Amino acid sequence: MARRAPRYPSDMTDEQWALIEPLLPPARTGGRPEKHPRRDVVDAILYVVRAGCAWRALPADFPPWEAVYWYFTRWEQAGVTEKILPVVREQLRLADGRNAQPSAGLIDSQSVKGADTVGRTTRGYDAGKKINGRKRFIVTDTLGLLLTVMVCTASRQDRDGSKTVLLATYLTTPVRFLFADAGLAGRLLDWAQTVLRMTVEVVRKPAGQRGFAVIPRRWAVERTLAWLTAHRRLARDYERHTAVSEAMIRWAAINTMTRRLARGRPATRQQRRVFQPS
């Protein structure tokens with residue numbers, strides 16, 4: 001039986017579900033029919049990603065957490081999020097008046113603290129950021145829409161970790177030109193040019209800059225990292241395996257893109273209410 005109201009802010013709208021439903025793998029035939037509606041399962045996954053709760057802490061009106069986690073792992077093994085992501089990204093680019101496929105992209109990394117569920121073999125210490133945990137490498141298009149993601153130990157140097165995500169970008173997208181920050185300057189640029197035939201242009205901060213300032217080109221990928229960490233499951237890394245961390249990031253990106261598509265207009269910030277004592 002499908003869930004009843006009240007629904008949660010993380011739940012998909014009808015428009016979002018219309019975008020995602022055709023992209024899910026077909027149900028198996030010849031056996032017992034699926035017990036739980038797929039929309040409820042996807043809503044439960046998005047609840048975990050958005051609210052940041054443990055699987056076992058799912059509210060009782062969702063399907064049992066064991067069933068939700070089974071679908072999550074089964075779909076990830078089938079590469080469902082990797083198939084959904086480019087489809088919704090293409091639709092969003094077309095809606096924005098861009099070409100379906102990007103020709104340029106942005107690359108950046110983010111170090112996040114690791115929870116106690118992150119084992120020693122997949123965590124490290126980022127001496128620059130003074131963070132013990134993991135590091136996320138993402139590549140986006142110039143609109144800030146996620147292309148590829150890779151998660152590794154925080155101790156890994158940006159120049160080394162970027163090679164993996166650049167190779168994934170080369171194999172799965174037509175992007176051959178990327179903007180990056182000064183942390184990737186040096187031998188990585190030569191490696192990308194000679195091995196992948198990709199051009200990585202470093203966008204540096206203006207000379208004498210003090211405090212925060214919007215950096216041309218780079219601001220879009222930094223905004224994407226902010227979009228991702230607005231999902232509380234991504235505020236730090238809770239996953240035992242880096243592949244699950246990457247899946248959570250893709251689900252967060254899919255949630256953000258489908259909401260923008262379903263809304264059909266720019267988001268509006270909620271107005272701050274001023275308390276007036278009576």
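In the predicted model, Arg136 touches Asp108, Ser109, Gln110, Val112, Met150, Val151, Thr229, Leu234, Arg236, Asp237 and Ile249, residues up to four places away in sequence being left out of the count. Arg136 belongs to strand 3, which spans residues 131-141. Although this arginine is buried, it has no salt bridge. The nearest side chain of opposite charge is that of Asp237, at 4.9 Å, whereas a salt bridge requires a side-chain nitrogen of Lys or Arg within 4 Å of a carboxyl oxygen of Asp or Glu. A polar atom of the Arg136 side chain is, however, placed 2.8 Å from the backbone oxygen of Leu234, and Leu234 is also among the residues that Arg136 touches.

Arg259 is partly exposed, its relative accessible area being 28%. Apart from neighbours within four places in sequence, the contacts of Arg259 are with Pro9, Ser10, Asp11 and Gln16. With Pro9, the side chain of Arg259 reaches the backbone oxygen at 2.6 Å. The C-alpha atoms of Arg259 and Met12 are separated by 8.1 Å in space, while the two residues stand 247 residues apart in sequence.

Definitions and conventions. Residues are numbered from 1 along each chain as its sequence is written. This is a predicted model: local features need pLDDT of at least 70, side-chain atom pairs count only at pLDDT 80 or more; totals for chains, interfaces and linings use all residues. Side-chain values use heavy atoms; hydrogens and water are left out. Buried means under 20% relative accessible area, exposed over 50%, partly exposed in between (1.4 Å probe, protein chains only). Contact means heavy atoms within 4.5 Å. A polar contact is a pair of N or O atoms within 3.5 Å; within protein, one must be able to donate a hydrogen and the other to accept it, and residues adjacent in sequence count only if both atoms are side-chain atoms. Helices (H or I, at least four residues) and strands (E, at least two) are DSSP runs, numbered from the N terminus. Lys and Arg count as positive and Asp and Glu as negative; His and the chain ends are not counted.
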